[in-house]
Amino acid sequence: MNSKPNVGVFLCKCGQKIEPLVDLAALKKSVGEMEGVACCDILPYPCLEPGLNVINEKILAYNLDRLIVAGCEGRLMLKKFERKMEPKGMQKGQIDVINLRGHVADVSDLSPSLKAEKGAKLIRASVAEMIALEPGLKKSIRIDQPPIILGGGISSFTAAHELAREGIGFLMSVPETDPDVVLRNLCRTYPGERSHYQRLKKIMDEVLTAPQATILPSGELAGLAGVTGSYSLSFNVPDSMTQCQYRAGTIIACLDGELIPPGPEFGYDGKTVLCQHEFEDVLYNEQIPEGNTVFWVCDYETGQPENAQLSARAAFTMGKHILENKTRAGVVILYNEQMPLPVNATERKLGRKLGIIWVPYDKSVRPILQADYVNFGSVTDHLEHELPWDRIVLSPIRTMGEKSRAAAKILGILHEDKEFLSAHHAKVRPEMVGREESYLTGSARYACDLTDALGQGRKAGKQNAEMITKSKAGQLFIPQIVCVVDPDKCVACGQCQELCDCGGIGVADLVGGGLPRVVDPMVCTGGGTCAAACPYEALTLQNNTNIQREARVAALARQMADHEFVAYACSWAGLPAADNAGNIGLKYDPAIHILGVPCLGQLDPSVMARAFLEGAPGMLLVGCVPEDCHHSFGIDHAWSRVNLIKKLFALCGFDRRRITLAHADMNKPEAFVKTIESFAKSIKMLGPIEKTPENQRKLQSIYRLVKSNSRVRLLLSAGLRRPWEHTYRGDQRYALQYEREDFIVALKEEFLKARLETLMITEKRPFNIRELASVLTEEKKSVAEQLSEMVAEGCINVRYKEGKPLYLSAN
Amino acid sequence: MIKFNINDTPVEAEPGWTVLETARHYGIEIPTLCYHEAVMASGACRLCMVELRDGEWSKLVASCIYPVAQGINVYTESESIDNVRRWIFEMLLAEVPASPEIRDMARRYGVESTRFAIKNPYEDCIVCGLCARACEEIVGLAAISVMSRGVHKKIGSPFSKPTEVCVACGCCVTICPTGAMRRLIESVRETPEVTLTPLAV
């Protein structure tokens, strides 16, 4: 790579959509004069084949390795440029698209030359970022170790079957290896599925005798470390205190849920009032009972209406079995009227022939069990009817089960306090996650029937096989915007692991403690809030680093006029809202200068502080509505960081409103425009921060504090939670109380230190305590306290003159 | 290098370019509806029609998918092209009477009213399929697609239900030429209902 990057800037006329509105010739002139820009050109359509052709020629002619296209929405166009420029060696991150049309041309009534100026500001900022970029390489990932199937769910067998079919050797940990025993117990997790048993038995036999299979001795999962490609797992050896360890390339966790009978309020007694999975045991292992069997599909009443159809199907198959084998028996299925019948026409016909009676009941009248009869409200005549019964079969309550919960905890996939494990992954584009959630199958994921569970197993087996085959061919690449840990800087505080919502951060190895963290690039979604939270700057988001963002915001802030401000818009809410506002021709205050960011959570407080240090009068951050954040918590973390800056502003006497967080929805551009107008008005009213030496020192101190003070950064990331959350994964504390009591005190102390340090560095001379206190207008006592601490930390030196101490910067 | 004429002006193109791309590169505008630079062309709306002439012979082709060829004579404005566009607009006015964008475009070609029956006065989606193509090609998902065939064609998610596949990125809303997606997206995206609270581990 050249030491100095060559940036090529291409301005789009977009037919008649940009050209008449922006003075492109003037813009080209000012861009051409920018440092680092090797060439600037105006094209009618840079995005079409002829335009791309011209860009390619320029890349060769000027040896370009960075590309900026100023045209329309980057959200739509960037991918095309990346795809087309990849053969030229341009990688992700080396191309930037600026929405000149939607953020500049269409949205205000400025004259074309003023719009060109605004465009130039945005382009200059982008150029600064491009120059600061150090491209991370496109890395392939190798999976040499075999996949491991664990958890013991029934889907283990279909997953294994797929792997065996692809000829891939695998490890398998199942508690029971006798197919007959497995099948006998299966009705406890999947009732009413006998019709599949024969087929399943064949699969099991094939898997257990497959040459690719290595069946591990049974044992519970005890520990997990490593990343995709090299996991190490430990299992407890039953009946001993020892553990055995295995290495694996990928993991397929097959976890089955647990069925619990409803409580006594449903009349459950375990004898005549049973639950479905118990009744099936009776049905097949004892004898088929005579008399009236009433299946009460009570899932609506137990609070799991989504499972009603599963239970109704199980009831239907069991009822069918009774009537096919016993003539003196009756079967009634009593169900809530809200449930659509889960049977097809043929089954309905068969049911009628056998005499299975489906009885719907009024949803607002709960059926009541009494001796020999059950009451229910009829949906047709609203009378209370009675049904005679000899036994009642209730629907089970479906849960993930304690065993699965324990395994999920170790696997790091237990994110939420929910009934099931179903992946709630960040809502991002599939290309941002290297590995789909192909490692979790079974009814602990979500309540499902046997066919579904087996299908999940098959799919996971297939996906893993594909991944392994790809990696063998050297074709499996990790996404390029992922977090990486610098093991030399990491002190193993574990903050990132607690904050990470993708489950992509773990420890490298099982043995020992206090180990640096590693990021699994195949799981990381590139949300980046972990990187912004790292107290020691050990974690970076490659190709999208903090250095880049600081460079960009600094370049933009330096150009801000007195009423102008910087706005960060996240690519899931603020940016699409801005794009859409431009698209439908809404007009707003041109004082706003929008910078896109994948998630506001990526913004390190140092980026915010830097903007003000470089002269921005205000900063607006437009992100998602908290519950809609695509990276789960990014917006909440941004909230905490914005508030940190606000607190520091208050300590400095600056107006707290200069930095403001806003929430937008991508489909509500009108609301977005209101947000901008309101913020622009308050910035106009406030004016710029006066550039006195004292103010500059204050801003410098804020920047120094939030960027490199690891105490403040650690305290900040420990409090990155919403006040209404009570359960935290690690040492995080109740946010509100913590903030009021501990954080603000520490912040005041550290800020005073930062101000003292800044003063000594900028003035380059020794100070005595009284002078320091008067310059900073602080109390002598607190200044003296901090000074002695700073001397102890070694960041300042002390000298004595006539018995009185004089303090001097250590640098 | 392929040489041919657009509106009697000689132009040059590389193999693989389309007539529309070449024309736009030379600053000749051709109106489009279902075409967007970010996704593959589909040739559905027929608004980008151009005329190929060779002596007495002529034919109309959709320029967004018509590859360039040596020596062809392309005309972007002519009576028969205007005729086709007026027909298209008249049909669109009947199909999507609620879309101001279409009304404005139609007015430019002198079409103010339609002779066809208006089925749904509130319809604004022209079923160009840009949103579905954007979802697939740009985002890499298939949260929305073009469903049914012929006159029953419509845009939506599988079974017309909110889908978890949708990541609510808004690409479809941005790319939509009539703004119909602003309404349609609401029935596709699902807003998460749970509060995400991690457990103490």
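**Note on a strand sheet, a nonpolar core and a helix pair**

1. In chain A, three strands form an open sheet in the order E8-E9-E10, and their pairing is antiparallel. The model is a predicted one. Strands E8 (221-227) and E10 (243-248) of chain A are at the edges and have a single partner strand each, so one side of each lacks a neighbour in the sheet. On average, neighbouring strands here are turned by 15 degrees against each other, with direction ignored.

2. The pairing of E8(A) with strand E9 (residues 230-236) of chain A is antiparallel and runs over six bridges. A:Val227 has A:Ser230 in E9(A) as its bridge partner.

3. The largest nonpolar core contains 305 residues. Those with the most contacts inside this core are A:Ile333, A:Leu334 and A:Val566, together with B:Cys131, B:Ala134 and B:Cys172. In soluble globular proteins, nonpolar side chains tend to be buried together.

4. What is B:Cys172 in contact with, once its neighbours within four places in sequence are left aside? The residues are B:Cys131, B:Ala134, B:Cys135, B:Ile144, B:Met181 and B:Ile185.

5. In chain B, the axes of helix H2 (residues 79-95) and helix H3 (residues 100-108) come within 10 Å and cross at roughly 155 degrees. Angles over 145 degrees count as roughly antiparallel, and H2(B) and H3(B) are therefore roughly antiparallel to each other. The crossing of H2(B) past H3(B) is left-handed. On the H2(B) side the contact is made by B:Phe89, B:Leu92 and B:Leu93, and on the H3(B) side by B:Ile102, B:Met105 and B:Ala106.

Methods
Residues numbered from 1 in each chain as written. Chains lettered and ligands numbered in written order. Predicted model: local features only at pLDDT ≥ 70, side-chain atom pairs only at ≥ 80, totals over all residues. Pairing = 2+ DSSP bridges. Helix = DSSP H or I, 4+ residues; strand = E, 2+ residues; numbered from the N terminus. Axes fitted to C-alpha atoms, helices over the stretch in contact; angles between N-to-C directions. Core = buried A, V, L, I, M, F, W, Y, C linked by C-beta atoms within 7 Å. Buried ≥ 20, exposed ≤ 12 C-beta atoms within 10 Å, placed from the backbone. Contact = placed C-beta atoms within 7 Å. Parallel < 35°, antiparallel > 145°, perpendicular 65-115°, else oblique. Left-handed = near helix turned anticlockwise from the far one by under 90°.
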